[in-house]
Amino acid sequence: MKPSPVETHPKASQARILLSSVFGPYAQDDEFGSRSINPMELYHNQVTRAQGSFSLRMFHRSWGIMMIQENISAPCSVLDFPTREAFARELTANHYDIVGISGIIVNVGKVREMCRMVRKLSPDSTIIVGGHVAAIPGVEAMIDADHIVRGEGISWMRRYLGEDENAPIRHPAIVSGLRTRIMGMLLPERKGGTAATIIPSVGCPMGCNFCTTSAFFGGKGKFVNFYETGDELFAVMCQIEAELKVHSFFVMDENFLLHRTRAMRLLELMKQAGKSWELSVFASANAIKKYTMLELVELGVSWVWMGLESPHAGYSKLQGNNVGELTRELREHGIRVQGSTIIGLEHHTPDNMAEEIESAIAYQTDFHQFMLYTPVPGTPLYQEMSEQGRMLPDVDLADVHGQFKFNFKHAAISREDSKRFLDWAFWRDFERNGPSLYRMCRTVLQGWQRYKNYPDPRVRERFEREAKKLNSAYNAALWVMEREFKNVNRTVSERIHKLRREVEKESPVVARLTAAVLGPILLWTTRREENRLAKGRTYEPPTFLERRNWVPAVETP
Ligand code: B12
Ligand code: SF4
């Protein structure tokens with residue numbers, strides 16, 4: 001190991017840098033730690049994975065390295081989702097002084113292999129590894145890197161290159177999702193059609209014991225703000241709105257609503273400028289309760305990802321909140337809710353587990369993520385479990401992703417049963433509540449009916465935009481879901497039918513016409529997709545190579 005980088009790289013900002021995410025393919029089982037049940041997808045990995053052809057499929061870029069690239073002045077390439085061959089090709093086609101590799105804990109085997117490849121193919125390069133993989137205790141002995149960076153990487157990299165680490169953060173224009181696919185249809189990618197990702201901060205001060213993001217950026221009471229004020233955030237959002245022609249933002253901040261002063265200032269500026277923006281946010285129940293429903297609606301909050309955990313678990317973010325009532329109220333105001341429930345908390349037993357799952361499902365959230373209670377290296381929970389001697393010794397880190405089996409000894413639930421309960425939760429949610437796409441349509445309709453005559457034109461405009469989709473493509477999708485669900489759960493099929501009738505009441509001609517014309521096509525693509533999935537079809541993200549401040553290397557004679 002070279003010494004810790006208090007000193008700068010000898011070439012400082014002249015150093016040529018490659019930043020890469022770990023290599024694919026991802027949705028397969030291999031020796032480097034890819035797992036077929038752990039694809040490079042958000043929804044299909046951990047939210048809608050039991051929903052077959054109705055599962056929402058999409059990819060997200062590696063925003064950490066995109067943020068670093070945007071905020072340094074050195075010539076820098078970002079290679080995202082490479083194959084091993086593409087990584088090798090880039091290492092040999094260009095000379096890089098620094099190779100930065102970004103990974104999370106499950107990817108440690110790939111990070112190890114990439115370090116090995118750099119040493120072989122580009123022996124003069126300095127290897128820097130960052131991202132959550134750096135939180136593994138003893139990682140230094142597992143991979144051959146020169147520097148392993150824990151926590152926030154922009155300031156570290158600026159420091160290493162001798163640049164001003166406190167300079168304002170520039171935000172790259174990031175399209176939040178790509179290659180979106182549902183019911184066997186690849187959605188067209190038109191400019192402005194997909195939300196932009198905005199990253200106001202990293203970390204979360206709530207410090208829940210299992211939370212790896214919170215722990216990685218300092219733990220309880222700590223986090224790193226990229227944009228402190230509503231004014232700064234508003235300016236960045238305006239810039240990205242202009243660049244990407246979006247009015248919808250995926251706000252990648254672990255607990256956006258916790259910072260009320262910033263959010264309320266943002267609302268004030270949005271009102272002054274007449275911005276009819278939509279925000280998808282992560283927020284804990286205690287943070288949501290800091291706002292009235294009207295404040296949330298006016299702020300454009302249209303989708304909330306919130307931890308439901310379990311009412312009996314005692315997390316401070318849930319204290320004093322009736323989560324069931326809150327999720328219902330949000331949906332009644334047109335705010336889609338993505339609930340997140342943990343399977344295998346300390347108080348769970350084989351006797352109460354099914355009941356706890358049933359009550360979580362009874363909230364009828366639009367989306368529902370289930371995750372195993374997982375002591376992840378670097379978290380207080382991991383520390384505690386290790387001290388109690390409860391960590392299972394032979395679990396491959398590639399399997400510690402919360403969607404397989406316990407990696408610790410639970411007081412009452414066996415490792416095998418952990419998987420059974422988890423799989424059952426996904427299946428039961430789908431069977432009882434129907435496809436998330438239907439549930440989302442239901443919430444959108446409630447919002448539209450409630451706010452279509454609201455005095456603030458920004459709010460009306462937002463709900464109108466959503467209702468337009470409901471009256472067209474979504475209604476055709478409802479037609480298909482109603483048919484297909486007849487065999488799964490007749491009650492759900494009838495509920496979908498009722499919703500479709502309501503949608504058609506709002507817009508009798510367009511909605512009926514689209515269902516009649518587009519419905520049969522969608523039915524065909526849905527069934528074709530179902531067949532493909534049954535035969536084992538998986539999806540992989542494309543490779544990206546993007547250069548910034550790039551000048552071709554000067555050949556030395
Ligand atoms: C978007 C996302 C994804 C995307 C993939 C993105 C991608 N292209 O890799 C999807 C949805 C596909 C995904 C999948 C998974 N994810 Co994910 N994901 C996230 C999420 C929500 C945002 C990441 C992000 O961009 N953050 C903002 C950026 C700015 O922060 P950052 O990435 O941490 O980068 C900063 C530093 O870490 C550092 N840094 C990062 N890279 C590098 C490189 C260098 C060289 C340096 C110096 C520094 C550095 O600098 C950056 C700026 O400060 C995070 C949660 C979170 N809030 O971060 C989880 C998170 C990273 N995912 C996580 C997990 C567990 C998974 C999955 C295993 C799914 C699952 N079952 O939960 C899969 C694995 C997929 C796979 N096969 O590899 C965990 C990681 C846990 C851990 N300790 O390893 C997180 C923290 C969520 C959580 N709290 O559990 N994920
Ligand atoms: S509130 Fe959510 S993001 Fe914050 S520490 Fe708890 S689990 Fe992590």
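Buried residues are those with under 20% relative accessible area, exposed ones have over 50%, and partly exposed ones fall in between, with a 1.4 Å probe and protein chains only. This is a predicted model, in which local features need pLDDT of at least 70 and side-chain atom pairs count only at pLDDT 80 or more, while totals for chains, interfaces and linings use all residues. Residues are numbered from 1 along each chain as its sequence is written, chains are lettered from A and ligands numbered from 1 in the order in which they are written, and side-chain values use heavy atoms, with hydrogens and water left out.

Select phenylalanine 370, which is buried at 0% relative accessibility, and then phenylalanine 426, which is buried at 3%. Their ring centres are 5.2 Å apart and their planes stand at 80°, so the pair is edge-to-face; rings of Phe, Tyr and Trp (its six-membered ring) pair if their centres lie within 6.5 Å, with planes under 30 degrees apart counted as stacked, over 60 as edge-to-face and the rest as tilted. Phenylalanine 370 belongs to strand β17 (residues 367-372) and phenylalanine 426 to helix α14 (residues 415-433), so this pair ties together parts that are 56 residues apart in sequence. Helices (H or I, at least four residues) and strands (E, at least two) are DSSP runs, numbered from the N terminus.

The structure holds 19 aromatic pairs. Another to display is that of phenylalanine 250 and phenylalanine 282, edge-to-face at 5.8 Å centre to centre with 75° between the planes. Because phenylalanine 250 lies in strand β13 (residues 248-251) and phenylalanine 282 in strand β14 (residues 278-282), the pair joins parts 32 residues apart in sequence. Phenylalanine 250 is buried at 10% relative accessibility, and phenylalanine 282 is buried at 11%.

Next, colour the largest nonpolar core, a set of 144 residues in which Phe249, Leu257, Leu279 and Met306 touch the most other members. A nonpolar core is a set of buried Ala, Val, Leu, Ile, Met, Phe, Trp, Tyr and Cys residues joined through side-chain atoms within 4.5 Å. Helix α16 (residues 457-485) gives the most to this core, with eleven residues. Apart from this core lies another, of 22 residues, including Phe370, Met385, Phe408 and Ala425.

Finally, centre on arginine 16, which lies over the face of tryptophan 550 at 4.5 Å from the ring centre. Such a charge sits over a ring if NZ of Lys or CZ of Arg is within 6 Å of the ring centre and within 35 degrees of the ring normal.
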